[in-house]
Amino acid sequence: MHSKFFRWHIWLGWLIGVPIILWTASGLLMVSQPIEMVRGNHLREAQPALDPIMPVAPILEGRQTQNLTLQQNTQGPFWVITYADGGKRRADAATGKLLPPIAAADASALAIAARSDASAITSVQRFAADQSPLDLRRDRPSWQVIFEDEARFYIDADTGELLAVRTKFWRAFDFMWGLHIMDLQTREDTSHPILIGFAALALFGSILGFVMLFTRGSRKRRKSD
């Protein structure tokens, strides 16, 4: 019986050895930094307090809204209008007038203001909602502002909100996460047949190796008898 278990264990080892190495290596990298550092919290400037003003209700132009949020950035307080159809728009909190979409210069200024330290911008690029970069994970039109340390600040192209901060380490973390869950395409699917199948095989191989610790002892006793 021990010999049979040994052969099964060897074949399973060849089959699941690479996934186990990838799971271990990716897990090691993902826990090597605090999650706050991965998320770039150390690069985010604290949100400014709202100015003490009496806001004017925004002009809605007859569109059905889902919610209204009053926010503030370096340009002052503004409304974020979320429409029922999923669209968004910003409006001046002092007048209620709708504001135009964010331009490249505005996105750069907002990204600089959103950083807690000084860093030069190397590129600014706009993305449509249906062409959103993989590391953004949001179906929103956005400006990608890249700094010299390769940190990427994503600014909502309609509202000026900071959507995400993606550091260089975050992108390595994200790639390793894709390896860990065996989904490099979307890096979101944590329950699919390939992952479940290899995990089941790895569990079976581990249990089999544990059982062999006892069958090996009994085999030695039979030989000595």
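Is Ser32 buried, partly exposed or exposed? Ser32 is partly exposed, because its relative accessible area is 44%, and on this scale buried means under 20%, exposed over 50% and partly exposed in between, with a 1.4 Å probe and protein chains only.

Before I go on, a word on the model, which is predicted, so that local features need a pLDDT of at least 70 and side-chain atom pairs count only at pLDDT 80 or more, while totals for chains, interfaces and linings use all residues. Residues are numbered from 1 along each chain as its sequence is written, and side-chain values use heavy atoms, with hydrogens and water left out.

Staying with Ser32, we find it in the loop between helix H1 (2-30) and helix H2 (35-38), where helices (H or I, at least four residues) and strands (E, at least two) are DSSP runs numbered from the N terminus. The side chain of Ser32 reaches the backbone oxygen of Leu29 at 2.6 Å.

Next comes the sheet. Three strands form an open sheet in the order E1-E2-E3, with antiparallel pairing, and two strands pair if DSSP finds at least two bridges between them. Strand E1 (65-73) and strand E3 (88-92) are at the edges with a single partner strand each, so one side of each has no neighbour in the sheet. Between strand E2 (residues 76-83) and E3 there are five bridges, and Val80 stands opposite Arg90 in E3.

Now to the aromatic residues. A search of the whole structure gives one aromatic pair, for which ring centres of Phe, Tyr or Trp (its six-membered ring) must lie within 6.5 Å, with planes under 30 degrees apart counted as stacked, over 60 as edge-to-face and the rest as tilted. The pair is Phe147 and Phe153, and it is edge-to-face because the planes stand at 75°, with the centres 5.2 Å apart. Both Phe147 and Phe153 are buried. Arg115 lies over the face of Phe147, at 4.7 Å from the ring centre, and the charged end of Arg166 sits over the ring of Trp170, 4.1 Å from its centre; the criterion is NZ of Lys or CZ of Arg within 6 Å of the ring centre and within 35 degrees of the ring normal.

Phe153 also brings us to the largest nonpolar core, where it is among the five of 14 residues that touch the most other members, together with Ala107, Ala111, Trp143 and Ile155. Such a core is a set of buried Ala, Val, Leu, Ile, Met, Phe, Trp, Tyr and Cys residues joined through side-chain atoms within 4.5 Å.

Notes
Polar contact = N/O pair within 3.5 Å; in protein donor to acceptor, adjacent residues only side chain to side chain.
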